[in-house]
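Hi,

Here is the structure I promised to pass on.

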Amino acid sequence: MRRSVVSALLVFSFPFIITEVVDSFSKCSQFFLEGKPPVIPGILKDSVSQDNNRYKLICQRYKNAYRFATLYDTTNKIPVFSAYRYTGFKKGRPQIRWMIEPQLETSGVQMRARRVNQAYTEDYQKLYRLDRGHLFPNGHAANKDIAESTFTLTNVVPQYKSFNGGSWNRMENDVRELMDSDCAKNRPAYVLTGAVPNQEHYLNQKVNIPTHMWNAFCCYNKTKSTWVSRAHWAANKDESEDKKKKIPEKTLKELLQFLEEKYNSVVTLFNKCLYN
């Protein structure tokens with residue numbers, strides 16, 4: 001018994017977020033429009049992982065409250081997507097160490113074979129041109145606790161620094177302004193941000209470097225009195241020679257066509273917003 005405790009302390013001698021790896025997203029369905037998570041054939045359907053050995057459902061719990069949800073790929077060590085509700089934002093980047101998810105690792109004696117199912121801080125060392133890029137950005141968080149909860153390595157992927165701080169950052173700011181101006185104040189905007197894995201490139205031979213990032217939101221428009229959506233996607237690549245690049249706004253339908261090409265199957269995100 002003492003050996004298992006010591007092993008656990010060795011593994012988790014750094015910050016961790018108290019999450020819940022769940023069998024179904026129904027436990028934190030509030031982060032999905034109408035309580036319905038995306039459908040990605042072979043990966044996620046009816047709120048349940050289609051390969052529970054690889055794709056883990058995480059209800060991101062921090063300071064005794066659910067903050068957002070993540071579908072995590074333990075093979076590529078990156079999220080498939082993170083889902084959250086936007087209700088406004090609080091300025092300022094939290095000063096907090098990066099966290100990991102203890103429930104993703106095995107317990108008992110096997111804990112000594114650690115760092116198997118997720119990325120760890122040292123995996124992001126010697127980044128050079130790469131950065132830890134949030135899927136749920138802290139700049140979309142309504143308060144300090146939510147912003148801090150986004151600093152878990154299950155919510156980030158390796159992004160090129162010039163992309164993460166360039167066109168992707170500008171897109172996040174534009175989307176935030178659009179949600180502030182167009183979405184009804186008494187209703188949240190539902191947001192999904194995802195990453196398309198690369199078949200070849202890995203950071204430190206472990207963490208997949210995605211080929212593309214994508215983002216979509218759906219909210220009730222206060223002027224049109226109907227549900228509306230906007231979408232964006234872009235290649236995760238060096239933009240140091242194109243520092244003013246902007247990611248063009250797309251429709252949700254166009255994003256679904258893009259994802260269908262990448263996943264070779266029909267993907268569903270927000271049915272209620274598909275044609276608005």
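Which cysteine forms a disulfide with cysteine 183? The partner is cysteine 219, and the two sulfur atoms sit 2.1 Å apart. Bear in mind as you read on that this is a predicted model.

To stay with that pair for a moment: the torsion about its S-S bond comes out at about -80 degrees, so the link between cysteine 183 and cysteine 219 is left-handed. Cysteine 183 is in the loop between H4 and strand S9 (189-196), while cysteine 219 belongs to strand S12 (residues 212-221), so the bond ties together parts that are 36 residues apart in sequence. Cysteine 183 counts as buried because its relative accessibility is 4%, and cysteine 219 is buried too, at 1%.

How many disulfides does a search of the whole structure find? It turns up three. Counting the bonded cysteines along the chain, they follow the pattern 1-2, 3-5, 4-6.

Another of them joins cysteine 28 to cysteine 59, with an S to S distance of 2.1 Å. This link is left-handed, with -80 degrees about the S-S bond. Since cysteine 28 lies in the loop between strand S1 (20-22) and strand S2 (44-45), and cysteine 59 in strand S4 (residues 55-62), the pair ties together parts 31 residues apart in sequence. Cysteine 28 is buried at 0% relative accessibility, and cysteine 59 is buried with a relative accessible area of 0%.

Then there is the bond from cysteine 218 to cysteine 273, where the S to S distance is 1.6 Å. The link of cysteine 218 and cysteine 273 is right-handed, with 60 degrees about the S-S bond. Cysteine 218 lies in strand S12 and cysteine 273 in the segment after helix H5 (252-263), so here the parts tied together are 55 residues apart in sequence. Both cysteine 218 and cysteine 273 are buried.

Now for the helix, H4. It covers residues 167-182, 16 residues in total, and reaches 22 Å from its first C-alpha to its last, close to the 22 Å expected at 1.5 Å a residue. Which residues of H4 are buried? They are Ser167, Trp168, Met171, Glu172, Val175, Arg176 and Met179. As background for reading that list, an α-helix has 3.6 residues a turn, so residues three or four places apart point the same way.

That's what I have for now.

Cheers

How values were computed. Residues numbered from 1 in each chain as written. Predicted model: local features only at pLDDT ≥ 70, side-chain atom pairs only at ≥ 80, totals over all residues. Heavy atoms only, no water. Helix = DSSP H or I, 4+ residues; strand = E, 2+ residues; numbered from the N terminus. Expected span 1.5 Å × (residues − 1). Buried < 20%, exposed > 50% of the residue type's maximum accessible area, 1.4 Å probe, protein only. Disulfide = S-S within 2.5 Å.
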